[in-house]
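These are my notebook entries on a few local features that I looked up.

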Amino acid sequence: MNKKKSTYYLVPLILLLTIVPLIVFVQKYQPNLIQFEWSSLEVEKFDFFMYHKAIAITVIGVVMCILLAFRYKAKQMEFKLSYQFIPVLVYAAFTLLSTLFSQYKYFGIHGSMEVFETLWVLLSYCVIAFYAYQFVNTFEELDCVMKWMTIGLAVMLALGVGQAAGYDFFMTHIGQELITGGRASDYGIDLTFEKGRVFLTVYNPNYVASYFALMIPMEVALLIRHKKWYMKAVYAVMLVASLVCLLASGNRSGIVAFALTGILVIVFYFKKIMKAWKFIVPAAVVAAVIFTAFISKNDLIIEKFVRLFTASETPDHAISKIETKEDVAITYQGEVFHTRYEITEEGYISVSLYDDENESINHTFDENNYLYVVDDPRFPGFTIQAVNLNEEVALGVVADNITWYFKKGDDNTYYYYNIFGRWDKINNPPRVAVKFLERVFEERGTIWSKTIPMLKNSILFGTGADTYTVTYPQNDYVNKTYAGTQAALDVKPHCFYLQVATQSGVPAMIAIIVFYVWYFITGAKLYWRASYKDGIEVLGAGIMFATFTYMIVSILNDSTVSVAPIFWALMGLGVSVNEMVDKKLKLQLDPVPASQIESNVKSHSADGKAIKNKSKKRSRK
């Protein structure tokens, strides 16, 4: 394949690494959640960061499939296959089957609110990894991809540094007109987080950590790889800007991940670090100064780390459970309070109050207000009142100073009136390790404690691509009321591995882990003994550390269309680079001695001159 044609094949990869992460444009869409009683009655929403990225990834994935098919047909002998991609194939198969068997195929095909990681996007990730492996076979091709990725990173850093300085481009007149197609006045745009908080074009500051988990190790590798001083200066400046953006995102998961990666780097390169102390020490001092400067002025990060190590025990809520079945059963401090009502033929409302033993609970009745006041010390402050709610008879129950409304449905069971003005059943989902998870990991821990039990339904197949929003217990109204998140919807588990396991199935999650561990072990063996005399080994090690940092950050972050394509592209590049480095090291370790070459020549002919003449004839021919 000539050099020019090879460059053409790199265009999809270049677009993926350079342009796609920068896409920000408004899209009006229907979330299709109105069918669920726990959702609001909104029929339309707006997305700026995810929708069009998902479309671009899918289109690029299709183009890559066509080019892969063309390469296989035209250059079958050059078509590479690797056993390392078997786990990727397994992951793709389980993702496809999970979506086909899903109860919620619509979301797998069209995408869900704020996420849009459809089946097509997830399959495109797999294609992206294999495409990068297939078409990047030389250092020149790898270097070309890295140059374009650097350009995209530079644009991202310009946006990030501006946000860190309190200047958000997306809130300027030009920025708003650009991302709305000249219709900024039609939208009430408010994309800004706290002033000075960096979110780039990846939608959420949490994803900034995932982005720089990949970019910072690559910047370090590119800085080392380039010999010219001005290129080193460029990457040094970009590295400082990246650290500023990472810290200004206020994300502690990124800091922890880089600390672990730093330990790994020290283990790998301790001797080399000692030899290069004149460069390492100043670099470490600059990084420490930047870190200290931001930490000292960033209360957000300080508070998060303080809570991590000094968090108090999560108090038990007075009301642990409310069941809406044939009656309303409220578990308060371990005691169960029951209530129900009947409408008599005369139109009177008869309310019953009783405990778990079916014994009547002492109370007084205020006829003027139709109010039942509980006198039982087991249920202090409880009151029940028959009310007219939206032209329907309902019970207003005050328990633990919170007012809850219930009505009897057509099925003779009770329903709860939620914040969206809709009647729904209260769910009391199973939770695990509540004390530990909610104390250490806060909001994430609450989500994990309810997500982990969901895995029992994903032992083989998951619920389907992008179905987490509709399978997570959004109607856990008791806990949401105490947390003050009644109107919030949890659309992602804040953990890549739980995300894959619940949606694609536990085997799919295992396949992803096997794919990465296989790649990492292969790379670690290579780069442990590499001499790093040329750029290919340096970039290969950079990819390994970048993907390692991403996998650590992914314990606390989800896969997202803003960053995941870069990870999958680097994985494909990493497998290909490992093969190139392996061949290079084998040639260095097993050179053919000159004496052996000479003996082989003599054994084939007693006349070296004749061989020379024959070779000349062949060349003329």
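I began with the hairpin of β5 and β6, where 5 residues lie between the strands and G347 takes a positive phi near 95°. This is a predicted model, in which local features need pLDDT of at least 70, side-chain atom pairs count only at pLDDT 80 or more, and totals for chains, interfaces and linings use all residues. Residues are numbered from 1 along each chain as its sequence is written, and side-chain values use heavy atoms, with hydrogens and water left out. I took helices (H or I, at least four residues) and strands (E, at least two) as DSSP runs, numbered from the N terminus.

**Strands.** I found β5 and β6 (residues 349-355) antiparallel and joined by 7 bridges. Two strands count as paired if DSSP finds at least two bridges between them. I noted E342 opposite S350 in β6. V328 has T339 of β5 as its bridge partner. The hairpin of β4 and β5 has 2 residues between the strands, and there Q333 takes a positive phi near 50°.

**Helices α17 and α18.** I then looked up the axes of α17 (residues 496-504) and α18 (residues 506-528), which come within 6 Å and cross at roughly 140°. Axes are lines fitted to C-alpha atoms, for helices over the stretch in contact, with angles from 0 to 180 degrees between N-to-C directions. The two helices are therefore oblique to each other (under 35 degrees is roughly parallel, over 145 roughly antiparallel, 65 to 115 roughly perpendicular, the rest oblique). F496, Y497, V500, A501 and S504 of α17 make the contact (heavy atoms within 4.5 Å) with V506, A508, M509, I512 and I513 of α18. By class, I read 9 nonpolar, 1 polar and no charged residues. Ala, Val, Leu, Ile, Met, Phe, Trp, Tyr, Cys and Pro count as nonpolar, Asp, Glu, Lys and Arg as charged, and the others, Gly among them, as polar.

**Helices α18 and α19.** The axes of α18 and α19 (residues 535-553) come within 10 Å and cross at roughly 140°. The residues of α18 that meet α19 include Y516, F520 and Y527, and their counterparts in α19 include E537, M544 and F548. This contact has 10 nonpolar, 3 polar and 1 charged residues.

**S112.** Is S112 buried or exposed? I found S112 buried, at a relative accessible area of 1% (buried is under 20%, exposed over 50%, partly exposed in between, with a 1.4 Å probe and protein chains only). S112 lies in the loop between α4 (105-110) and α5 (119-135). Leaving out residues up to four places away in sequence, S112 touches F107, D466 and T469.
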